[in-house]
Amino acid sequence: MTEEINQALKREYEAGFVSDIQSDTFEPGLNEDVIRRISAIKNEPEWMLEWRLQAFRIWQEMEEPEWAHVSYPKIDFQEISYYSAPKSMADKPKSLDEVDPELLATYDKLGIPLVEQQMLAGVAVDAVFDSVSVVTTFREKLAEAGVIFCPISEAVHEYPELVKKYLGTVVPQRDNYYAALNSAVFTDGSFVYIPKGTRCPMELSTYFRINEQNTGQFERTLIVADEGSHVSYLEGCTAPQRDENQLHAAVVELVALDDAEIKYSTVQNWYPGDEEGKGGIYNFVTKRGVCHTSAKISWTQVETGSAVTWKYPSCILRGDNSIGEFYSVALTRGMQQADTGTKMIHLGKNTRSTIISKGISAGHSNNSYRGLVRMGPRAEGARNFTQCDSLLIGDQCGAHTFPYVESKNASAIVEHEATTSKVSDDQMFLCQQRGLDPEKAVSMIVNGFCKEVFKELPMEFAVEAGKLLEISLEGSVG
Amino acid sequence: MLSIKNLHASVEDKTILKGLDLEIKPGEVHAIMGPNGAGKSTMGYVVSGREGYEVEEGAVTLNGVDLLELEAEERARAGLFLAFQYPVEIPGVSNLEFMKAAVDAQREADGEEPVSSKDFLKLAREACKQVHLPVDFLKRGVNEGFSGGEKKRNEIMQMLLLKPKVCILDESDSGLDIDALQVVAEGVNSQRSPDRSFIVVTHYQRLLDHIKPDFVHVLSDGKIVKSGDASLAQELEDQGYAWLKEQRAVGAAQEQSA
């Protein structure tokens, strides 16, 4: 039975194609000049360049972290190219008609049509290709509601006050090694601002695509939800199938001011490498949000790709009565390694957090949950509930749980539940005896296991996520 | 309809079935009785193609189709249904979703379109009622948190929806109180028809009071050692299985002297 399941788990990576697009790509290497060049191409103001250089100096003094339960060869940061953009993007296309059709075709092929009429109704998309944003849809419509949704490189010019006020306030330059690197070399990403009391009229989403060889993708996303506002945001990611590893080191900062609510969902499907572990994306990402009084941030992630994942979307519950949530499905197979989880930092009174983590390991993969719940001295009446479930498929994989709990307030309550289970022969046989083939059976059992998390995703994407898991598990293209 | 000939099968290198013969015609109900360890459950698993059960010799055909050549799911789609003695839970997968996938898999094999969600919901609700399960069981995970009796009734509900040609009920009466037993029996009786056959595996006479078998067989040490009509079940109830041991001892002695 294990053999059959493993067969079912082998699969094609359907986003693995390469687009034939002429690009301007920097020579590999990293030094202050490279950073000045990135800044110059983006025509950035002096303050932005200074901020980058400051980050670079900090990064040079830092050491690569080694505490995660993952292993990979040391990265040579001088062998990576830090900027790559389609040539056609050099003179900014004014409208979709001017965008290189090959670029649009790439997104079409990935199932993300950028022509507004063909898009999912009610979803605005920012499409980031290697180092630049290609197009952002529905901007006018959003502007009517006062919502700003644009590439962060544009926001630096158009809304410098907002960017200056919030950039680096949640994830400072010196936060960690990859965050410092990102601060120095970030190229694009999305910027979102929701004005006071506004409910964003559409789902916002950013779709990241790495295409060029040997380039790293360093995007930076900043979302500010002003008092009493509400926004739901989704990001998706894919990359071509290549033998070399590629680095993706992103930073996402969320600011939820008083009574605001941000729902941030990720469907991560970077190229995971082949069965032997050759190639694949190193996904080293820092995501964090800060909640002011009575604000709420909810992270939902479905992680199925990447060779190595190192990612802990976190909430700083600064304001009283604020709420943090983390719902995660992480699927690893083949030789994939994931070390992922969250941090819930309770500072304010009566703050509440919920963590639901579902790890699925198959093949020879390793899947770790790492989470920190910290109750600060002022966190009177704070509560956390954590549930970590691991599902093992086959007998060659590993599931690990590293929960950290720190409580400095006696009235705070922390609950932790953990389970580990296997897809059993009995379950498989029941499904088969009812006429389901083994592939369908595995995907059904896994989907059932993930149900609590999928129901947190926006509806259109819950279907997508279910399909993605099915594709991951079925080994079929469809 | 279902023909089992000289079936020898083993689990983990231990031979359990040692020349089982069984011929079942359309519309018949056969009861298989016998002591613990005789191979009753093994028979169900071997016929339905469970992984780990090796067929060493013999043939199993369903309406002329060689079942042993087919995967478990193909046998199911060919019309073979096994009601489990201990139905397993599949958390998070709703009964409704599970059964629709099963029914659609069968329809696909028959070259039919999937049933519409609306139509299926109607069918599933009716099936629920028939086995006295509240309709909200359709929304619950497959067998998740069900009592023993509810699990068994859920199996019968699945049978009602799949409308198989041959049903093997593996001790569907074990652990049931008299009310649940009646529900299970009613479910089975409602499905008796000239083109559907049943194999009822049980330890006890009491299920057979509700499901009247056409034939009763005694399975012992991997083969059928005695067959008769419904009265045989009563005989077994009165005498127990001790006589089997004596018979076996005699058989062994004869073999040795020969």
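In which sense, parallel or antiparallel, do S6(B) and strand S9 of chain B pair? In this predicted model, local features need pLDDT of at least 70 and side-chain atom pairs count only at pLDDT 80 or more, whereas totals for chains, interfaces and linings use all residues. Residues are numbered from 1 along each chain as its sequence is written, and chains are lettered from A and ligands numbered from 1 in the order in which they are written.

S6(B) and strand S9 (residues 166-170) of chain B pair in the parallel sense, over 4 bridges. Strands (E, at least two residues) and helices (H or I, at least four) are DSSP runs numbered from the N terminus, and two strands pair if DSSP finds at least two bridges between them. Within this pairing, B:Leu82 lies opposite B:Ile168 in S9(B). Both strands belong to an open sheet of 6 strands in chain B, with the order S6-S9-S10-S3-S11-S12 and mixed pairing. Strand S6 (80-83) and strand S12 (223-228) of chain B have a single partner strand each, so one side of each is left without a neighbour in the sheet. From one strand to the next, the twist averages 20°; axes are lines fitted to C-alpha atoms, for helices over the stretch in contact, and angles run from 0 to 180 degrees between N-to-C directions. Helix H1 (residues 40-48) of chain B packs on this sheet, and its direction makes about 145° with that of S9(B).

A second open sheet of chain B has 4 strands in the order S2-S1-S4-S5, with antiparallel pairing. Its edge strands are strand S2 (14-24) and strand S5 (65-66) of chain B. Strand S1 (residues 2-11) and strand S4 (residues 53-62) of chain B are joined by 8 bridges in the antiparallel sense, and B:Ala9 stands opposite B:Val55 in S4(B). The loop between S4 and S5 of chain B holds B:Asn63, which has a positive phi of about 50° although it is not a glycine. B:Asn63 is partly exposed, with 13 other C-beta atoms within 10 Å; a residue is buried if 20 or more other C-beta atoms, placed from the backbone, lie within 10 Å of its own, exposed if 12 or fewer, and partly exposed in between.

The axes of helix H5 (residues 148-162) and helix H6 (residues 178-191) of chain B come within 10 Å and cross at roughly 10°. The two helices H5(B) and H6(B) are therefore roughly parallel to each other, a term for angles under 35 degrees. Residues in this contact include B:Ile156 and B:Met159 of H5(B) and B:Val184 of H6(B); two residues are in contact if their C-beta atoms, placed from the backbone, lie within 7 Å.

The largest nonpolar core has 190 residues, of which A:Val192, B:Phe81 and B:Ile168 touch the most other members. Such a core is a set of buried Ala, Val, Leu, Ile, Met, Phe, Trp, Tyr and Cys residues joined through C-beta atoms within 7 Å. Its largest share, 9 residues, comes from helix H10 (residues 438-454) of chain A. Leaving aside neighbours within four places in sequence, B:Phe81 is in contact with residues including B:Met159 and B:Ile168.

The contact between the chains takes 19 residues from chain A and 21 residues from chain B. On the side of chain B, helix H2 (72-77), strand S7 (90-94) and helix H3 (95-109) each supply at least two residues.

Notes:
Angles under 35 degrees count as roughly parallel, over 145 as roughly antiparallel, 65 to 115 as roughly perpendicular and the rest as oblique.
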